[in-house]
Amino acid sequence: MLRYFNQFGISPTFSLKYVLTFAAGTIFGFTYFHIWIDVSRWKSGNAFPTTDSRADYLYTRDVKKFQNNFKIYRGYLPIVYEVDRSVADVLAQRVRILCWVVTDPSGFDQAKAIKATWGQRCNALLFTSTKASKKLPTVMFNMTTDWGKTKQGLKYIYENYMDSADWILKVDVHHYVIVENLRHMLEPHSPDSPVYFGRQFHRHTTQGYMSGGAGYVLSRAALRRFVERGLNKPTLCRSDDGGLEDVELGICLKHSGVAAGDSRDRYGLGRFFPFDPATHIVKDLRDEEIRWYWEFSNISYPERIDCCSETTIAFHYVFRPFMYNYDYFLYNLHTRLIN
């Protein structure tokens, strides 16, 4: 190398500096080019052609395929994580749940996140909207009010799913539901008993009503009574489409002979929640903004970190990115050294 430099009269004293500069520039150039290509493909919509979004793609590629059984090896000692779903799968056949998600075109991205995460654990997944979607199993309704949508939706389920569903869960696109915990709660109850469960607010009827914001689940018998006894009788159920949806449903079910079940666990802790986990765990629920939560209940619940059952079923106001986060934490993350 020195003879080469001497032959052409080039001083080698600074050659190492140039070599390092050239190497750094090459690495930076290739890295920048790679990022530019990825960004260009992403903007053109061709980066992940098989899915609708980067989040959906990553979840499908890296998480979903390992959800039931995956292994991690480090060094010579294999560390094996096996997810045993045998009990959950057996229960899924005994406690058949239709998950009904109310949405509209503005919520289709949220709905896709549900379809990719907790929605796949339902026995049947139904989306209803004012407009149809090509990428979701959507049934189009013409109602625009919440009470109108509920009446139309429950009638549709009665006419199409009575033989294939034992329980009907009704939520919107901002709910995250732990379906296994829902089946666990429902297993001791017969779907042929007219009952429904949720977050009970003690107002408007002697048995109160279930918060629509927390989600609720009706037995097959409760759905039958709603449609056959109450739906078309103005003396039992509100006939127009106005009013507060969850209140009107509670009144209608009460008049139709459907009982309001207690969804709390054996410690008296709630399982259905109208807010996101952070609100229930961190925020003071007696703040002026959400004081109604306590005023609507005559049951004293623990607060903050002790707020929620270890078999919690549903949280509300869970937005798209957190759907994937919760799914990962619940079904793929393992804590070492804790049995």
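# A tour of the chain

Residues 24 or more positions apart account for 71% of the contacts in the chain with a separation of 6 or more. Keep in mind that this is a predicted model.

**Stop 1: the whole chain.** Show everything as a cartoon. The chain has 12 helices and 13 strands. Of its 339 residues, 45% are buried.

Stop 2: Strands of a sheet pair through backbone hydrogen bonds, either parallel or antiparallel. Colour the strands of the seven-stranded open sheet. Their order is β5-β4-β3-β6-β11-β8-β12, and the pairing is mixed. Which strands are at the edges? They are β5 and β12 (259–260), each of which pairs on one side only.

Select β4, residues 124–129. Strand β4 runs parallel to β5, and three bridges join them. Click T128: V139 in β5 stands opposite.

**Stop 3: the core.** Select I97, W118, L169, L182, L186 and F226. In the largest nonpolar core, which has 73 residues, these six touch the most other members. Which strand gives the core its largest share? Strand β3 (residues 97–102) does, with six residues.

Stay on F226 and show what surrounds it. Beyond its neighbours within four places in sequence, F226 is in contact with W147, K151, L154, L231, L249, C252, L253 and S256.

**Stop 4: helix α9.** Select residues 245–255. Why is helix α9 described as largely enclosed by the rest of the structure? Because eight of its 11 residues are buried. Pick them out: E245, D246, V247, E248, L249, G250, C252 and L253. Next, show the cover over these buried residues. It includes α6, β6 (167–172), β8, β10 (209–210), β11 and α8 (220–230). Step just past the helix to G257, which takes a positive phi of about 85°.

**Stop 5: aromatic pairs.** Show the aromatic side chains. There are 10 aromatic pairs to find. Start with F141 and Y156. Their ring centres are 5.9 Å apart and their planes meet at 70°; over 60 counts as edge-to-face, so this pair is edge-to-face. The pair links distant parts of the chain, 15 residues apart. F141 is in the loop between β5 (138–140) and α6 (146–161), while Y156 is in helix α6.

Are these two buried or partly exposed? The cut-off for buried is under 20% relative accessible area. F141 has 9%, so F141 counts as buried. Y156 has 23%, so Y156 is partly exposed.

Move on to Y196 and Y216. These rings have centres 6.4 Å apart and planes at 80°, so this pair is edge-to-face too. Y196 is in strand β8 (residues 195–198) and Y216 in strand β11 (residues 216–219). The two residues are 20 apart, and their pair links distant parts of the chain. Y196 is buried, with a relative accessible area of 1%. Y216 is buried as well, also at 1%.

**Stop 6: charges over rings.** Select R121 and Y331. R121 lies over the face of Y331, 3.6 Å from the ring centre. Finish with K170 and W100. Here the charged end of K170 sits over the ring of W100, at 6.0 Å from its centre.

Note on methods
Residues numbered from 1 in each chain as written. Heavy atoms only, no water. Phe/Tyr/Trp six-rings, centres within 6.5 Å; stacked < 30°, edge-to-face > 60°. Helix = DSSP H or I, 4+ residues; strand = E, 2+ residues; numbered from the N terminus. Buried < 20%, exposed > 50% of the residue type's maximum accessible area, 1.4 Å probe, protein only. Lys NZ or Arg CZ within 6 Å of the ring centre and 35° of its normal. Contact = heavy atoms within 4.5 Å. Core = buried A, V, L, I, M, F, W, Y, C linked by side-chain atoms within 4.5 Å. Pairing = 2+ DSSP bridges.
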